[in-house]
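Hi everyone, thanks for coming along. I'd like to walk you through one structure today, from the overall picture down to a few side chains.

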Amino acid sequence: MVKSVEAPVPAVAAEASFADALRQAISRRGLALNRIRTHLEDRGLHVGVATLSTWQSGRRIPREDSRAVITALEELLQVPTGWLTVRIPAAREPGTPPQPYAVVDYAEALSRLLDRLRRDAHGRLRNVTVLEEVQIGADRSALRRRVIQSVVAVQPVDRLIIAHQGETGCDAEQFTLRAVSGCRTGRIARSPECGALLGELLLDRVLAVGETAVVHYEVEDRSGLPTTDFQRFSEWGGVHCVLEVQFDRAALPVRVYELRRRHTSGPNLVHRELMLTPDGRAHVIEPSADPGTVGIAWEWD
């Protein structure tokens with residue numbers, strides 16, 4: 001299922017800089033910088049005209065703590081979610097090229113797998129909403145992920161790239177990616193060394209910038225290794241995330257926690273105990289997740 005946004009998107013090249021894209025979006029809307037500042041202040045976001053001017057001129061780029069402002073600008077300027085955000089260079093050491101999947105500790109392995117699929121497909125979509133259910137079996141392993149995901153194109157794109165990593169020592173050949181609706185399964189690449197999979201979900205057609213799609217898919221893991229957490233990662237902010245873990249009634253954990261991290265192996269920004277429902281479920285809801293992970297962890301004994 002696909003649809004188009006009503007407002008036309010500024011005709012900028014896919015490789016256009018943040019400054020170029022912002023400048024053209026502002027010009028298309030015909031808004032003065034002081035009016036933009038006022039609109040942002042009405043939303044509780046304070047940014048000066050001078051800062052906006054340096055952003056659109058390219059003399060400065062937004063900092064990490066300005067992401068909420070950029071998200072508000074995308075809405076105000078009537079461009080797709082992530083259309084400006086994707087053009088902000090990632091913070092990194094001077095001379096170091098940007099790395100896909102930098103928020104996970106197996107980024108290098110995923111980057112190599114991406115070369116075996118299609119590297120230029122990475123980053124062309126932004127998640128709008130993600131509803132994910134993880135099923136934990138009686139053997140304490142993560143049997144299956146069921147996902148409903150809505151996305152918007154920030155560059156022309158015909159596929160969504162899905163990543164999955166199992167437990168330490170797992171066999172990546174035991175992973176299966178299956179398209180359910182809105183897409184079909186494409187090529188699969190696996191990394192035996194880190195127990196990871198990268199797979200393509202091919203969309204029904206090429207999405208133009210601003211067009212959206214809804215896909216349903218599953219990842220099955222038949223490795224049978226016990227697990228104590230699941231983290232859903234996002235490289236870009238703004239996604240509405242609902243994550244639910246379903247435990248088998250024959251194997252319920254003694255404690256369950258919500259996790260938020262900037263990186264899968266980083267410190268916990270949130271570590272809050274969750275209550276299990278009578279049928280063995282726990283969930284977290286994040287209306288606008290920051291880059292990093294939203295997760296659930298548990299203790300068996």
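Let me start with a definition: a residue is buried if its relative accessible area is under 20%, exposed if over 50%, and partly exposed in between, using a 1.4 Å probe and protein chains only.

Two notes on the source. This is a predicted model, where local features need pLDDT of at least 70 and side-chain atom pairs count only at pLDDT 80 or more, while totals for chains, interfaces and linings use all residues. Residues are numbered from 1 along each chain as its sequence is written, and side-chain values use heavy atoms, with hydrogens and water left out.

Now the overall picture. The protein has 5 helices and 14 strands; these are DSSP runs numbered from the N terminus, H or I of at least four residues for helices and E of at least two for strands. Its radius of gyration is 20 Å, close to the 19 Å from the globule rule for 301 residues, so the protein is as compact as a globular protein of that length. That radius is taken over C-alpha atoms, and the rule is 2.2 Å times the number of residues to the power 0.38. Along the principal axes, the C-alpha trace spans about 60 × 40 × 40 Å.

On to the strands, where two count as paired if DSSP finds at least two bridges between them. Have a look at β2 (residues 125-136) and β3 (residues 142-153), which pair in the antiparallel sense over 11 bridges. Within that pairing, Q135 has R144 in β3 as its bridge partner. The two strands form a hairpin with 5 residues between them, and R140 in the turn has a positive phi of about 70°. β2 also pairs with β10 (residues 239-247), this time in the parallel sense, over 8 bridges. There, T129 stands opposite H240 in β10.

Elsewhere, 3 strands form an open antiparallel sheet in the order β4-β7-β6. β6 is joined to β7 (residues 196-207) by 7 bridges, and T185 stands opposite L201 in β7.

Next, the aromatics. Rings of Phe, Tyr and Trp (its six-membered ring) pair if their centres lie within 6.5 Å; planes under 30 degrees apart are stacked, over 60 edge-to-face, and the rest tilted. The structure holds 5 such pairs. One of them is Y101 with F233, edge-to-face at 6.2 Å centre to centre and 90° between the planes. Y101 sits in the loop between α4 (67-76) and α5 (107-116) and F233 in β9 (residues 229-234), so this pair ties together parts 132 residues apart in sequence. Both Y101 and F233 are buried.

W298 and W300 form an edge-to-face pair too, at 6.4 Å centre to centre and 80° between the planes. W298 is buried at 4% relative accessible area, and W300 also counts as buried, at 10%. Ring pairs link F247, W298 and W300 into a cluster.
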